[in-house]
Amino acid sequence: MIIRRKTRTLYVGGVGIGGQCPISVQSMTNTDTKDVQQTVEQILGLEAAGCEIARVAVLDTAAARAIRVIKDQIGIPLIADIHFDYRLAVAAMESGADGIRINPGNLGGEEKIAKVVVCAKRHQVPIRVGVNSGSIEKDLLKKYGYPTPEKSTALIESAMRNVRLLEKHGFNEVKISIKSSDVLTTVNSYQELSKITDYPLHLGVTEAGGLIAGTVKSSVALGLLLSKGIGDTFRISLTRDPVEEVRVAFELLRSLKIRERGPELISCPTCGRTRIDLFGLAEEVEKYVQTMVSPLKVAVMGCVVNGPGEAKQADIGVAGGNGVGIIFKKGKIWQKVNEDDLMRVFMAELKKMEDDGRKKLT
Ligand code: SF4
């Protein structure tokens, strides 16, 4: 059983982070925030996939102003990501941002930080202190060296220095991220940080890569941390459609038995026993499963020798035979169908079960 590290609780809009709140899934848009229509469309897609908090890049005043219009059309809290210009942080909060992500150290001095804090207090907006390996202050790099898996002091000290700046101005609605593109450095940094602070932690591996590399790197790093009870919210960063980030995030939570959402697809890798075109069928099923909301377990197995047995817990599954397919439910054979009709019959039954499931959920 995973025992969560004790952290303070803060709220990004209506989503609690830290304490006993569920570990939340975030993502970030890759649209031009000023393009309200595209940004809203992308956030609605993220929402449909289960994303609980969206983040947008705020590069100029027009983007900060767009937040108000975007927020009117979406249902999840919105965080503004800001670098360097404190005025954009203020403008984003005045425009209704539910949270901001900054690196206080690059806002240009204490006077400017104080202005951000005054505004955050007035609007009750939490701040994420987001430090990356690439944004560590020069003096800390000189003193401690570039972060490595063995020594991540520079990263931790940079984050805590920034947190202290906010605390100095009486602000502690804070969560922290210290991201690195290196898996072991990320794990070590968060582990060490979690020993010295009880602020909620936002996990992530920065510049993780494309679908395969990014999923593996993020899952290893975040999986290790979450399994030790470290982490209160996270984003899987992928060079892909952000909806994929959310899907990977929920698979990660499911695999650690932390949270479950929607259906689960079990499929075998196939082997010499497979006698039908399983890849085609698996692809079709996988596509449909991504649109499902019912918490069904769906199995696609290559053979009847091991298939139904291996996927006993599946609500519905299919196993390939010699020119036929066996459709099974809860590990028991339900129908034997010719290969030519298999896709049609299986998909029709799966859709029926999904429709029934949706009705129960509403
Ligand atoms: S379910 Fe059958 S086809 Fe699939 S890997 Fe197992 S033995 Fe091979």
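Q: Helices are DSSP runs of H or I with at least four residues, strands are runs of E with at least two, and both are numbered from the N terminus. Where does Lys360 lie?
A: Lys360 sits in helix H12, residues 339–361. This is a predicted model: local features need pLDDT of at least 70, side-chain atom pairs count only at pLDDT 80 or more, and totals for chains, interfaces and linings use all residues. Residues are numbered from 1 along each chain as its sequence is written.

Q: Why is Lys360 called exposed?
A: Count the other C-beta atoms, placed from the backbone, within 10 Å of a residue's own: 20 or more is buried, 12 or fewer is exposed, and in between is partly exposed. Lys360 has 8, so Lys360 is exposed.

Q: How far apart are Lys360 and Ala319?
A: In sequence, 41 residues separate them. In space, they are 28 Å apart, C-alpha to C-alpha.

Q: What makes Arg128 count as buried?
A: Arg128 has 26 C-beta neighbours inside 10 Å, so it counts as buried. Its place is in strand S7, residues 127–132.

Q: Which residues does Arg128 touch?
A: Contact means C-beta atoms, placed from the backbone, that lie within 7 Å. Leaving out residues up to four places away in sequence, Arg128 touches Gly99, Arg101, Lys175, Ser177 and His202. As for Ile79, it is 49 residues from Arg128 along the chain. Their C-alpha atoms are separated by 9.4 Å.

Q: Why is Glu207 called partly exposed?
A: Glu207 has 15 C-beta neighbours inside 10 Å, so it counts as partly exposed. Glu207 lies in the loop between strand S9 (202–203) and helix H8 (211–227). Its phi is near 45 degrees, a positive value in a residue other than glycine.

Q: And what makes Thr270 count as partly exposed?
A: With 16 C-beta neighbours inside 10 Å, Thr270 counts as partly exposed. Thr270 is in the loop between strand S11 (264–267) and helix H10 (278–289). Phi of Thr270 is near 70 degrees, again positive in a residue other than glycine.

Q: How do you know that H1 and H9 are roughly parallel or antiparallel?
A: Two packed helices are described by the angle between their axes and the distance between the axes. Axes are lines fitted to C-alpha atoms, for helices over the stretch in contact, and angles run from 0 to 180 degrees between N-to-C directions. Helix H1 (residues 36–49) and helix H9 (residues 242–255) pack at about 15 degrees, with axes 9 Å apart. Under 35 degrees is roughly parallel, over 145 roughly antiparallel, 65 to 115 roughly perpendicular, and the rest oblique. H1 and H9 are therefore roughly parallel to each other.

Q: What is the hand of the crossing of H1 and H9?
A: H1 passes H9 in a right-handed crossing. The near helix is turned from the far one by less than a right angle, clockwise for right-handed and anticlockwise for left-handed.

Q: Which residues of H1 and H9 meet?
A: On the H1 side they are Gln42, Gly45, Leu46 and Ala49. On the H9 side they are Pro242, Val243, Val246 and Arg247. This contact of H1 with H9 has five nonpolar, two polar and one charged residues. Nonpolar means Ala, Val, Leu, Ile, Met, Phe, Trp, Tyr, Cys and Pro; charged means Asp, Glu, Lys and Arg; the others, Gly among them, are polar.

Q: Why are H2 and H3 called roughly parallel?
A: Helix H2 (residues 61–71) and H3 pack at about 15 degrees, with axes 8 Å apart. That makes H2 roughly parallel to H3. Their crossing is right-handed. Thr61, Ala64, Arg65 and Ile67 of H2 make the contact with Leu88, Ala91 and Ala92 of H3. These residues divide into five nonpolar, one polar and one charged.

Q: What makes H3 and H4 roughly parallel?
A: The axes of H3 (residues 86–94) and H4 (residues 110–123) cross at roughly 10 degrees and come within 9 Å. H3 and H4 are therefore roughly parallel to each other. The contact of H3 with H4 has seven nonpolar, one polar and three charged residues.

Q: How many residues surround the ligand?
A: There are 13, and the closest are Cys268, Cys271, Gly302, Cys303 and Asn306. A residue is near a molecule or strand if its C-beta atom, placed from the backbone, lies within 6 Å of it. The shell around the ligand divides into six nonpolar, five polar and two charged residues.

Note on methods. Two residues are in contact if their C-beta atoms, placed from the backbone, lie within 7 Å.
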